Amino acid sequence: MNTTRREMLLAMGAGVLALPHVARAQTGAHVVVVGGGFGGATAARYLRGADPGLRITLIEPQQRFVTCPFSNLYLGGLRDWDSNTHGYDGLRAAGIEVIHARAEDVDAAARSVTLSDGTRLGWDRLGLSPGIDFRWGELAGYDEAAAELAPHAWKAGPQTQLLRAQLEAMEDGGTFVMVVPEGAFRCPPGPYERASMVAHYFKTHKPRSKILILDSQDKFSKQPLFQQGWQAHYGEMIEWVGQSDDGLVVEVDASAREAVTAFGTRHKAGVLNVIPPQKAGMIAERAGVTDQTGWVPVVAERFESTLVPGIHVLGDATIAAPMPKSGFCANAQAKVAAAAIAADLAGREPPPASFANTCYSLIAPGWGISVAGVYRALDGKVVEVEGAGGVSPLDAGPEFRRAEADYGAGWYASICADIWGAA
Ligand code: FAD
């Protein structure tokens, strides 16, 4: 039996339950969700749909959320900034209380969360979808100050605008150098879509420029499709160097805009884009739900922490492989968690958990590719449904690629409407 049901029965029976001294809802249970991005905002909205009697509070510091999906298209000049930003009026209109603050601490025993403005909120269930934080300093020379010179742009916002400004300021004939990190990172195809979009910008504005991808991996997501598309659209402009060919970067000198590899090669960049090693967002660590990897183990049937019952964690912060760290997955996981929380609070069995993911990448205008997967929960783990996913065919023609580019745009519009509603 979970703690909430146990609490309810105790309260009804003996009336001896000592509730924590923090404020609680008078009617219905209170679910607090931290993080108003892909996972958190979805969870808040679908909790509302699952149980209109719940009190739902969403904690998110930003007034408007800027999506990482399609931020590469902004870099390539194919999207404007506003079209990638979303406000919270739609969630408020759905009856969700949205507080623009940062969650600073979680007291799992007292079931409370403390916000940056000092407010302490009690919860019956807590949702955490804080996304990623960076392991500053793990890559020698790369810390927060260095990111102002060599932007990561791996959380969409001012960093994305800084990277775009640097690309605009770079002289024609310069080299855009991208560093791809070791370990799990958000959006496995993201670096290669970024290289494609920067190539599109160079092709149309700075055709003598080059792109060098220094990769800690020896293979990457949708590799044959990306490399085919690069050759077709950009010729020799993009060079990819895998780990075995001296692609592993071990040090960065941000002020000199240089990346140094494991074999000691120094690469001088016109624009240096360093994607740093990552871990779960800080609040997950404070809540005690991360393990030694820095990520959050969860029970796949409910996306509930294996370490602290009552806390459901979603999205990039979780260990959910073989699901990738994508917005699509965060959205799917949040729906599973919302259904499980609502069922549990109502004393019902949650429905079976199933998940899907499609990651679209744009290589050039009208030239899209995708990878899809279908997953389910089995004995606490996420497992892939064999034969249900796949990647775009390598031998498809331009019409197929155009259709996938259109599907990608359609996906973005529909998932943003699903999550934030009105822009
Ligand atoms: P986020 O969406 O990042 O949301 C986390 C939220 O939590 C943020 O709003 C943050 O402000 C808030 N937060 C953090 N800490 C706190 C705190 N202490 N208190 C309160 N709030 C807090 N995915 C796709 O599916 N398709 C794509 O095409 C795609 N393209 C991408 C391109 C790039 C360049 C990148 C970097 C990523 C891309 N992704 C894509 C991945 C996608 O952005 C992430 O997987 C997704 O955002 C994860 O959702 P999340 O809820 O875990 O985190």
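A residue is called buried when its relative accessible area is under 20%, exposed when that area is over 50%, and partly exposed in between (1.4 Å probe, protein chains only). The model described here is predicted: local features need pLDDT of at least 70, side-chain atom pairs count only at pLDDT 80 or more, and totals for chains, interfaces and linings use all residues. Residues are numbered from 1 along each chain as its sequence is written, and side-chain values use heavy atoms, with hydrogens and water left out.

Start with the interior. In soluble globular proteins, nonpolar side chains tend to be buried together. A nonpolar core is a set of buried Ala, Val, Leu, Ile, Met, Phe, Trp, Tyr and Cys residues joined through side-chain atoms within 4.5 Å. In this model the largest such core has 80 residues, and I213, W230 and I311 have the most contacts inside it. Helix α7 (residues 190-205) supplies the largest share of this core, 6 residues. Helices (H or I, at least four residues) and strands (E, at least two) are DSSP runs, numbered from the N terminus. There is also a second, separate core of 31 residues, with V31, A41, F65 and M197 among them.

What does I213 touch, if residues up to four places away in sequence are not counted? Its partners are M178, V180, Y192, A195, W230, I238, E239, W240 and V241. Contact here means heavy atoms within 4.5 Å.

On a 1 Å grid over the protein atoms alone, a cavity is a set of points where a 1.4 Å probe fits but cannot get out, and lining residues have an atom within 4 Å of a point. Grid points are joined across faces, edges and corners, and a volume is the space filled by probe spheres set on the points. The whole structure contains 2 cavities of 30 Å³ or more.

The largest cavity has a volume of about 50 Å³. Its lining includes G315, D316, K325 and Q333, and helix α10 (residues 327-345) gives the most to that lining, with 3 residues. The lining is made up of 5 nonpolar, 4 polar and 2 charged residues. In this count Ala, Val, Leu, Ile, Met, Phe, Trp, Tyr, Cys and Pro are nonpolar, Asp, Glu, Lys and Arg are charged, and the others, Gly among them, are polar.

The second largest cavity holds about 40 Å³ of space. Among its lining residues are V31, L47, H312 and I341. Helix α10 again gives the largest share, 3 residues. Here the lining has 8 nonpolar residues, 2 polar and no charged.

Last are the charged pairs. Side chains of opposite charge can pair when their charged atoms come close. A salt bridge is a side-chain nitrogen of Lys or Arg within 4 Å of a carboxyl oxygen of Asp or Glu, and the structure holds 11 of them.

One joins R186 and D316 (2.6 Å, N to O). R186 lies in the loop between β11 (175-180) and α7, and D316 in the loop between β21 (311-313) and β22 (318-319), so the pair ties together parts that are 130 residues apart in sequence. Are these two residues buried or exposed? Both R186 and D316 are buried, and D316 also lines the largest cavity.

Another salt bridge links E97 and R55 (3.4 Å, N to O). E97 counts as partly exposed at 34% relative accessibility, and R55 is partly exposed at 27%.

Definitions and conventions:
On a 1 Å grid over the protein atoms alone, a cavity is a set of points where a 1.4 Å probe fits but cannot get out, and a pocket is an open set with protein on both sides within 12 Å along at least five of seven lines; lining residues have an atom within 4 Å of a point.
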